[in-house]
Amino acid sequence: GFFTAMLWRRRGLGSLLEQRMKRVVLPLAIGLFTIVPLMNWVSETASADQFDNLVVAVFFQNETAVERLLDEGVDPDGARGEQGETALHLAALVDRPDLAELLLEAGADPFATDNKDDLPFGYAFFAGSEDVADVLVANGFPDGRPPGTEWEDLEGWGFGAGFIEDELGLDSWITSFHHLWFLWFLVWLVAGFTIVALLIDRQESRSGKRPGGAWPRRLMWALVPLTLLPQLAMGNGGKSPAFGPDTSAGLIPIPRVLIYYAVFFAFGALMYGRRGRDNRPVAETLGRNWWAILIPAVVILFPVALGMTFGEDATWLGASIAQVAYTWAMIFGLMGLFRRLLSTERRGIRYLSDSAYWLYLAHLPLIIAAQAWIREWDLPSGVKFAGLTVVVSLLLLVSYQLFVRYTPIGTMLNGKRTRPNRAVATAEARG
């Protein structure tokens, strides 16, 4: 939020939107066709050997696991769900015609019934799975459509599709942005910021001056306790308590999660240009006594928040207050700490800062693949965690140097970077 407000004030709204398109929207769009499919494949492959039940593998749509189980000779109709449904029933429910074909080729019975005598076709009818219905018909199930009609023309076709979308998260062609949800949230937050900025620009053009006074600073500080409201809605209102905000990686952000992050975004936006009562910029003084903030946050607030969240006698209100207090304390303390340590320009820190975007985009497939590779190693978990973190980070930094920093990818992520020897040659030529 701070960076967004800075770009708006220094360069104007048009330049802000152009910059966000280059740095956020374009990498996200490319990631949808590269990183997201890679994540799906790596996750499916890494977890494939953990499935020993065909029904579960189909429900979680792990094609690799389904193929492995069928190749091992598992009876496609042998495993049953809680309602007596076969794997073919579930392939119809989740609308996976490819899995249905695999099961039928392995001998699955298209006329198998569950505990209520419902057929796989009934599940396809319920879910509106047209492609699965076509597969079932191609494998011997009678086609009950009047000539010249489509499945969707049948009365009641897909009457349970809304339930499927709500319960299984299949409400869009993007079932998960994975870790790229952060970029997707930025798009929403910048869109909201743009609306506010347009209103402010219009007001300033009429009045001829920027809005001043103490109200922006007061509003900024009011956001700190306001964080409690979306936090209270997390974890199903405390029925399923969790530490921190819920996850929202689908196409439509969960409102409570988007509002939660919007509070922090708005705080940063309001902080830009704000001065305290001593007339010093808030951004330069916030967290100046960082040690007095971080130590109590880590030693006291963190364990208290954990205990209040998962303790037997804890209340969700108390847990939410503790979590919010811990979160803001860590933010203010770390701002002060890093301003103390990194306020001067350092080449190595600048390099790591430049590489951070690439490391964020590319790290998770490597992490998951490495975890799958070493999970059976007879080593302490702490050793494996540390080793994995170091090795993957080094690999990513090497890939950044060789394939990203001085390439169009690096230009897209961070702007154009010039190789040191070229920079020296250019400076000498100008001299």
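Trainee: Where is Gln-61 placed?

Mentor: Gln-61 sits in the loop between helix 4 (54–59) and helix 5 (63–71). Keep in mind that this is a predicted model.

Trainee: Is Gln-61 buried, partly exposed or exposed?

Mentor: Read the relative accessible area. Buried means under 20%, exposed means over 50%, and partly exposed lies in between. Gln-61 has 22%, so Gln-61 is partly exposed. Asp-95 has 37% and is partly exposed too.

Trainee: Which residues gather with Asp-95 in a patch on the surface?

Mentor: Glu-130, Asp-131, Asp-134, Glu-150, Glu-152 and Asp-153. Together with Asp-95 they make a patch of negative charge. Take Glu-150. Its place is the loop between helix 9 (130–138) and helix 10 (161–168). Glu-150 has a relative accessible area of 46%, so Glu-150 is partly exposed.

Trainee: Now the rings. What describes a pair of aromatic rings?

Mentor: Two values: the distance of the centres and the angle of the planes. Across the whole structure, a search finds 33 aromatic pairs. One of them joins Phe-121 and Phe-141, with 4.9 Å centre to centre and 15 degrees between the planes. Planes under 30 degrees apart count as stacked, and this pair is stacked.

Trainee: Which parts does the pair of Phe-121 and Phe-141 tie together?

Mentor: Phe-121 belongs to helix 8 (residues 120–127), and Phe-141 to the loop between helix 9 and helix 10. The pair therefore ties together parts that are 20 residues apart in sequence. Both Phe-121 and Phe-141 are buried.

Trainee: How are the rings of Trp-184 and Trp-188 arranged?

Mentor: Their centres are 6.0 Å apart and their planes stand at 90 degrees, so the pair is edge-to-face. The cut-off for that class is over 60 degrees. Trp-184 and Trp-188 are four residues apart in helix 11 (residues 181–207), so about one helical turn separates them.

Trainee: Which of the two is buried, and which is partly exposed?

Mentor: Trp-184 is buried, at 19% relative accessible area. Trp-188 is partly exposed, at 36%.

Trainee: Which residues do ring pairs link into a cluster?

Mentor: Trp-181, Phe-182, Phe-185, Trp-221, Tyr-260, Tyr-261, Phe-264, Phe-267, Trp-328, Phe-332, Tyr-357 and Tyr-360.

Methods:
Residues numbered from 1 in each chain as written. Predicted model: local features only at pLDDT ≥ 70, side-chain atom pairs only at ≥ 80, totals over all residues. Heavy atoms only, no water. Patch = residues over 30% accessible without salt bridge, like charges linked within 9 Å, V, L, I, M, F, W, Y side chains within 5 Å. Areas by Shrake-Rupley, 256 points an atom, 1.4 Å probe, with all protein chains shown as cover. Salt bridge = Lys/Arg side-chain N within 4 Å of Asp/Glu carboxyl O. Lys, Arg positive; Asp, Glu negative; His and termini not counted. Charge placed at Lys NZ, Arg CZ, Asp CG, Glu CD. Helix = DSSP H or I, 4+ residues; strand = E, 2+ residues; numbered from the N terminus. Buried < 20%, exposed > 50% of the residue type's maximum accessible area, 1.4 Å probe, protein only. Phe/Tyr/Trp six-rings, centres within 6.5 Å; stacked < 30°, edge-to-face > 60°.
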